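Morning, everyone. I'll take one model and walk through its sheet, a helix pair and some backbone details. Here it is.

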Amino acid sequence: MSTKSEHHQTVPLSVLLKRELANEKIENPDIIHGQASQSKKGEDFTLLKSECQRAIGDGVTTFSVYGLFDGHNGSAAAIYTKENLLKNVLNAIPSDLNRDEWIAALPRALVAGFVKTDKDFQEKAQTSGTTVTFVIIEGWVVTVASVGDSRCILESAEGDIYYLSADHRLECNEEERDRITASGGEVGRLNAGGGAEIGPLRCWPGGLCLSRSIGDMDVGEFIVPVPYVKQVKLSTAGGRLVISSDGVWDALSAETALDCCRGMPVEAAAAQIVKESLSAKGLRDDTTCIVVDILPQEKPPAPLPPPKKQVKGVFKSMFRRKTPESSSHNEKQYVEPDVVEEMFEEGSAMLSERLDTKYPLCNMFKLFMCAVCQVEVKPEEGVSIHAGSSNSVKLRPWDGPFLCSSCQEKKEAMEGKRPSGDRHGSDSD
């Protein structure tokens, strides 16, 4: 009996075995970091935690946290934020979430954690402020929250560059300028007399050139702590993060920063980026850089056939396309594309937009608990985050999330709906 040849695509056994090995370790990339800095004012601080643990079911999972805090007008806000922000973010995430739920809850929890940290610090009546770039890595998912002008960039294994933070300098952000003026602030340059204006655009009163920060209680509460948040999922090929203060980005483009340290291990890469920025502009400000490599774990060598000659320089091979000779024709067909999946992005300064949640995410959060400071509120005492909005007339008593009275006052001040108290001049930059 004759049979017709059917052209079904078959997967080589070697590829199947590689997939099995990859699947075992797909949730746990190797994460290594290095940092370098040169101090001018002593107001840059970092948080480097590569093995944070979280209970999940009967086991434990790990995640990594990296933070850069560039203080101004003193270091108090940067130090306080370094010591308290992570705790406030984690307290805003319900317990007993699985991995996917925990990752989905992160953007909302980061907003709550930033606002609570700012509110608690301002109660100390200290006038300093800080930018924040805060990175949480869970498996292959990278979540970045930022206020100010420090930045985080990602280079994927194939060399594509992704910007994971926003620049909240008034000079380059028209949307933020409009928000501040609508909230009661003024935006303009320093008046040097005789009608001459100099320097970058600043917010008045106070003279801060940023529209978002933690602290800065003397400037006005329209300088808000609500972060821009972006969440991406890397392919299992990995990538490199560069987190740096404005001392780097005032001197180097993203491409230059990545090119100058290509092929270097993380410690040397961070030092090289700082060196290049100082060579370009000198030490005008605190200059800090954190480099984080997210790498596929090393696979154990197969017993047969004998392992090929190892390639030296993991980063040279990681950040370069494979040559045709690097793998067989059949295996090349099944190499997964290097794709960075954008999972979440939001930059609104309005808490009613950032803390609102839709089904099923809303089921992760307790109903009668302040969405910012996590204190329990009685049903008759909580104020819906939608109160005062155009939709508030349609609200039902149980339409949350809710804020306690002090957090509601904070929200109204940030939106320019009540005076924010006495404001004094600031020499912040």
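Helices (H or I, at least four residues) and strands (E, at least two) are DSSP runs, numbered from the N terminus. Two remarks on provenance. This is a predicted model: local features need pLDDT of at least 70, side-chain atom pairs count only at pLDDT 80 or more, and totals for chains, interfaces and linings use all residues. Residues are numbered from 1 along each chain as its sequence is written, and side-chain values use heavy atoms, with hydrogens and water left out.

Backbone first. Most residues other than glycine have a negative phi, and most peptide bonds are trans. D216 has a positive phi, near 55 degrees. D216 sits in the loop between β10 and β11 (228-233). Is D216 buried or exposed? Its relative accessibility is 1%, so D216 counts as buried. Buried means under 20% relative accessible area, exposed over 50%, partly exposed in between, with a 1.4 Å probe and protein chains only. Q374 also has a positive phi, near 65 degrees. Find Q374 in the loop between α10 (351-354) and β15 (383-384). Then the peptide bond from W204 to P205: cis, omega near 5 degrees. P205 lies in the loop between β9 (196-204) and β10 (214-215).

Now the sheet. It is open, with five strands in the order β1-β13-β12-β6-β7, and the pairing is antiparallel. Two strands pair if DSSP finds at least two bridges between them. β1 (30-38) and β7 (161-163) are at the edges with a single partner strand each, so one side of each has no neighbour in the sheet. On average, neighbouring strands are turned by 15 degrees against each other, direction ignored. Between β12 (239-244) and β13 (287-295) there are six bridges. In one of them, L241 has V292 in β13 as its partner. Helix α7 (266-281) packs on the sheet and touches β1, β12 and β13. Contact means heavy atoms within 4.5 Å. The direction of α7 makes about 30 degrees with that of β1.

Last, the helix pair. α2 (76-91) packs against α3 (99-122) at about 140 degrees, axes 8 Å apart. Axes are lines fitted to C-alpha atoms, for helices over the stretch in contact; angles run from 0 to 180 degrees between N-to-C directions. That makes α2 oblique to α3. Under 35 degrees is roughly parallel, over 145 roughly antiparallel, 65 to 115 roughly perpendicular, the rest oblique. Who meets whom? Residues in the contact include Y80 and L85 from α2, and W102 and F114 from α3.
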